[in-house]
Amino acid sequence: MIERTPAIDPDSRSAPPPDHRSSRPPKSAVSLVIPARNEARNIAWVLEQIPESITEVILVDDSTDATLITARSSRPDIRVVSQQGIGKGCALRAGFLAATGDVIVMMDADGSMSPQEISHYVHFLENGYDFVKGSRFIGGGGSLDITRIRRWGNRFLLMAFNAIYHTRLTDLCYGYCAFHRRYLEHLNLCATGFEIEAEMTVRAMQAGLRIAEVPSLELPRRAGQSNLRAIHDGTRVLRTVMRGHRTGLSGRVVQATLNRHPAPPDAVMGSS
C-alpha cells in the first residue's frame, strides 16, 4: 500500500511551525546513515544541520580526501563505519547493519537533502507506516538539481516500476528514505551501487510494507561532482526493477507504453 502525504509548504521546511506534529521530537531512537565519498567540502554543512533529536549519526566513509577529518571535527560523536566493497549500496548496507536505532534514515552527504526534513519521515513511521520515501514530484516537493536526462530517466524507470508492481509511486530514484530497523532482514538488500534505492522500494513492496511518500526538496549539490553516472546507473536500476519481479517483465511495461499510444483497430498485439 502506498500513500502520499499532504503537501508541505517548501518555504516552511527549514522551520516547521511549533504545533506541526512532525516537528515534535521523535519517540523512536533514530539512526541517521550517511554514505560519503570525497565530500570534504559538503559534509560539515550536512552534519551541522542535523536535529538534536537524532540518536546517532553513522558515516560510512570511502574517501581519499579530508571527509573523515572534517566530519569528526564538526561532530565528535559521529560513528564511522567501514564498508566492504565499492559503491553506494555497499556503503548503505554497512551503515544499516551498524545502526542501533528503532528507525533508520538514509541521506546523502553532498548537501542536496535537508536534514531538517528528517522529522517528516519519522513522523509517518511513528504513525503506522513501515517505509517512507521522499518524493521530488508531489506537491510541496521539487528539485533544484535534477538534469533533463536524469528527469526523463527517472520517468521511464518509474513507469516501468509502476506498471510491473501495479502501484502509483511518484519518485523512484531518490535516496532520501526511512524505515523501521526491524524490517531490515525482510528487505534482504544485496545491491552494490546507486540501484540500492530502487531495490529497497522493490523489496518493501514485495514484503507488503505500508509505504508513504513525503514531499522533499532536492537542493543543488553544494560543491564537487556527483558520483552518479546517469546511463550506467539507470541501466542497473532497470535491471533491479525487472529482476525483482517474480515473473520478470511479463509484457506489462510494453503494454503500458502501448496504452499511451493506442494501436489502430486492426492491429494485433502480443505480449511476452
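Let's start with the aromatic rings: this structure holds five aromatic pairs. By a pair I mean rings of Phe, Tyr or Trp (for Trp, the six-membered ring) with centres within 6.5 Å; planes under 30 degrees apart are stacked, over 60 edge-to-face, and the rest tilted.

Before I go on, a word on the source: this is a predicted model, where local features need pLDDT of at least 70, side-chain atom pairs count only at pLDDT 80 or more, and totals for chains, interfaces and linings use all residues. Residues are numbered from 1 along each chain as its sequence is written, and side-chain values use heavy atoms, with hydrogens and water left out.

Back to the rings. One of the pairs is Phe124 with Tyr129, and the arrangement is edge-to-face, with 6.0 Å between the centres and 65° between the planes. Are these two residues buried or exposed? Phe124 is buried, at 17% relative accessible area, and Tyr129 is buried as well, at 10%. The cut-offs are under 20% for buried, over 50% for exposed, and partly exposed in between, using a 1.4 Å probe and protein chains only.

Next, please find Phe96, which ring pairs link with Phe131 and Phe179 into a cluster. H3 covers residues 88–98 and H7 residues 196–206; they pack at about 55°, with axes 9 Å apart. H3 and H7 are therefore oblique to each other, the class left over once under 35 degrees is roughly parallel, over 145 roughly antiparallel, and 65 to 115 roughly perpendicular.

Finally, two asparagines. Asn38, although not a glycine, has a positive phi of about 55°, and its place is the loop between strand S2 (30–36) and helix H1 (43–48). Asn38 counts as partly exposed at 36%. Asn188 has a positive phi too, about 45°, in the loop between helix H6 (184–187) and H7. Asn188 is exposed, with a relative accessible area of 53%. Helices and strands here are DSSP runs, H or I of at least four residues and E of at least two, numbered from the N terminus.

Definitions and conventions: Axes fitted to C-alpha atoms, helices over the stretch in contact; angles between N-to-C directions.
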